[in-house]
Amino acid sequence: MDNVLPGFDGNVVFADTVLMEKCPYIKSILDEFKVEKKAVRLLNLKPGAVIKEHRDAELCYEMGEARIHIPIMTNPEVEFYVDNERFERLPGSCWYMNFNLPHRINNFGKTDRVHLVFDVVVNDFIRQLFENAPPERKKIVREKDSYTPSQRRDITERLKEMNTPTSLATAHQMEQDLAEA
């Protein structure tokens with residue numbers, strides 16, 4: 001209940017805590033997402049707080065896991081950057097970002113920034129959400145030389161082993177990128 005950086009060793013199974021019973025509205029929102037959840041938490045960033053640039057290794061749609069953000073409270077002085085691009089998050093909106101890319105957050109405002117954040121396993125429900133998103137809401141950001149060719153070949157093989165339409169398409173694209181490099 002008090003771990004904001006959940007670590008997964010493969011044996012951990014997500015389950016609601018007693019705190020979820022006190023948050024029926026949040027539970028109803030989470031229940032709308034027909035996915036396996038790995039972690040759910042409310043994250044607060046106090047005024048003046050800074051989260052330095054970092055990457056969350058392999059936390060991206062392409063690797064089978066997505067981190068979803070739903071802003072609850074925010075202010076215009078919150079600076080949320082992914083791959084050096086600033087994104088504004090409005091309360092009530094819902095976002096997926098590739099947190100395998102470098103990202104950082106600064107709260108230069110006078111109020112807290114609170115997000116409902118949950119990590120999920122990519123499944124058909126998530127794939128359909130992504131595919132059906134309006135074009136103006138989609139922005140595909142690919143990794144920029146963050147992996148060596150050897151690592152890219154290994155990732156391609158892992159994606160092929162997953163044998164899903166998305167993993168196979170991603171593997172094919174990575175193979176084309178490798179051939180062009």
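The model is predicted, so local features are reported only where pLDDT is at least 70 and side-chain atom pairs only at pLDDT 80 or more, while totals for chains, interfaces and linings use all residues. Residues are numbered from 1 along each chain as its sequence is written, and side-chain values use heavy atoms, with hydrogens and water left out. The structure holds 10 salt bridges, a salt bridge being a side-chain nitrogen of Lys or Arg within 4 Å of a carboxyl oxygen of Asp or Glu. Helices (H or I, at least four residues) and strands (E, at least two) are DSSP runs, numbered from the N terminus. Buried means under 20% relative accessible area, exposed over 50%, and partly exposed in between, with a 1.4 Å probe and protein chains only.

- The side chains of Lys27 and Asp31 form a salt bridge with an N to O distance of 3.4 Å, and both residues lie in helix 2 (residues 24–31), four residues apart, which is about one turn of the helix.
- Lys27 is partly exposed at 31% relative accessibility, and Asp31 is likewise partly exposed at 38%.

**Salt bridges between separate parts of the chain**
- Lys38 pairs with Glu65 in a salt bridge whose closest N and O atoms are 3.2 Å apart; because Lys38 lies in strand 1 (residues 37–45) and Glu65 in strand 3 (residues 65–73), the pair ties together parts that are 27 residues apart in sequence.
- In this pair Lys38 is partly exposed, at 25% relative accessibility, whereas Glu65 is buried, at 13%.
- Lys46 and Asp112 form a salt bridge with their closest N and O atoms 3.1 Å apart, linking the loop between strand 1 and strand 2 (50–54) to the loop between strand 7 (103–107) and strand 8 (113–121), 66 residues apart.
- Lys46 is partly exposed at 48%, while Asp112 counts as buried at 18%.

**A salt-bridge network**
- Arg41, Asp56, Arg67 and Asp119 are linked in a network of salt bridges.

- Leaving aside neighbours within four places in sequence, Val120 is in contact (heavy atoms within 4.5 Å) with residues including Lys38, Glu65, Ile68 and Ile126.
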